[in-house]
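Please open the model in your viewer and keep the sequence panel beside it. The stops below say what to select next and what is to be found there.

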Amino acid sequence: MELLKCCVSLVVIILVTNIHYSLSLSQNECNDPQIIHKFTVIDYDWSSDAAREDAIESEEYIPNNNIISGMKVYGDDVYVTVPRWRLGVPATLNKIAVKNGTSVLQAFPSWDMQELGNCHALQYVEGMEIDPNTGWMWIIDTGRINFLSTDCTETENLCPAKIVVYDINTMEEVTRHEFPNEVVNRKTNFLNDIVIQYSDNEPRFAYISDTFDFRLVVYDRIQNVSHFHSHPSMLPEPGNGNITIFGEIFEVAAGINGIAMSHDMQYLYYAPVSGYALYQIPTSVTSIPGSDFAGSVRKVGNRPSQTAGMTYSRKNFLYFASLAENAIYRWNIEYDQSLQGLDNFNDVEMRTLTNFMSDDKCMNFVDIFNFDTEGFLWFSVNKLHKFHLNSMDFTGSSGANVLIWKIHVGDAGYLDRREETTTASVVMETTPNVIETTTGGAGVVTTQGSTFYLFSVFLLYVLSASN
């Protein structure tokens, strides 16, 4: 509140606030109606209470070792991943169900597909993508478990890494591919995020970030082959690995993580976890083994803070979190293209950003983004820094640990291939009236209406100070 004591500070805050979504002052609980699911402890839809107790007794289920990371939406269903970073995760890929008013997880596609040591089943899933046009879920399985444990138990390299394409509508497997060890190392990989590229009007390429081996892995579904690219831009940035959230320092030495595909399928965007830079590379380069990646990759700008996931919309907005700020930023790529007088996105720089949404109470570690087909942006919040620092409160006294948000933005996802006429009623123009600044390597922009909101906050502060 000290920043509100002078007009200059007020102007600064106005520049980083968006009228549509703002922090609720003195908020004790996360009760925003846009929060669809809450979890304090991740639990499952067990066949009986006895089955749950048996799983706990055998340590098949260790409740405090479970945390949601990946999240995607298809139709009315929300699918989530529980990475097997530690032992005691019974199901790594799940669908959310609500039982007696409580959100729980149902193993997907079945309990049998969660069997540890069965290399046909799923060992460790963190990232997956769902194509809204086909209903295909593209599942990436690292094949390794327990590689981020905090109790000195050993990593188990159970199976080769693989990708499985699964049809949600028919509940049948479409295809699968086991990655050769020279493409994805069985003992060191950390397959993290995934996006899909259409080619000749059908889903063909999958691009996957390998956070530990600093690679971009590419899978060609038509040829059923894979390759990878590596580049210094995929490495952690020296000195930029500490993420500070409310005084807790989360030390991370992780490379390429969040990736996003442009709606026209021409460009891939990616960034390391430990760093601020955002990069762009043409898919005409990434889709070809041995292509000139180094000569084609381009830094487009710096983010205000470190980021986990990101997503690209049909209307050419790029969304990503600012972990240290408990915020989500949005880059209007067409706006910067216009400002810079460019004909395409090939050379556009990220000079302006909108602080789209922030909440110090209910947006601690925004992780994964996703669009549905009704104009909503979904994202997961999971206090992941606390999970890895062993400071997470599972008693409920600190509120829920995992939140699934659903925000109407009037846009669609990068994969949405519907005709423009069918989405015209859903997709609306959201370009703000902007103010350009030079914060964090990119400008921060706001709508004009946010001035009224923050002026009201300022008046409240003055009135309270005078009492």
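Select L278 and G301, the latter in strand 21, which are bridge partners. This is a predicted model, in which local features need pLDDT of at least 70 and side-chain atom pairs count only at pLDDT 80 or more, while totals for chains, interfaces and linings use all residues. Residues are numbered from 1 along each chain as its sequence is written, and side-chain values use heavy atoms, with hydrogens and water left out.

Now extend the selection to strand 20 (residues 277-282) and strand 21, which run antiparallel and are joined by four bridges. Strands here are DSSP runs of E with at least two residues, numbered from the N terminus, and two of them pair if DSSP finds at least two bridges between them.

Move to the strands in the order 6-7-10-11, which form an open sheet with antiparallel pairing. Its edge strands, strand 6 (125-131) and strand 11 (172-178), each pair on one side only, and the twist averages 15° from one strand to the next. Within it, strand 7 (residues 136-141) and strand 10 (residues 162-167) pair in the antiparallel sense over six bridges; select W138 to find its bridge partner V165 in strand 10.

**Third stop: aromatic rings**

Rings of Phe, Tyr and Trp (its six-membered ring) pair if their centres lie within 6.5 Å, and planes under 30 degrees apart count as stacked, over 60 as edge-to-face and the rest as tilted. By this rule the count comes to 26 aromatic pairs. Select Y269 and W331, an edge-to-face pair with 6.2 Å centre to centre and 90° between the planes. Y269 lies in strand 19 (residues 267-272) and W331 in strand 24 (residues 327-332), so that the pair links distant parts of the chain, 62 residues apart. Y269 has 0% relative accessibility and counts as buried (under 20% relative accessible area, with exposed over 50% and partly exposed in between, for a 1.4 Å probe and protein chains only), and W331, at 0%, counts as buried too.

Next take F379 and W405, whose ring centres are 5.5 Å apart with planes at 10°, so this pair is stacked. F379 belongs to strand 27 (residues 376-381) and W405 to strand 28 (residues 402-408), so the pair ties together parts that are 26 residues apart in sequence. Both F379 and W405 are buried.

Conventions. Axes are lines fitted to C-alpha atoms, for helices over the stretch in contact, and angles run from 0 to 180 degrees between N-to-C directions.
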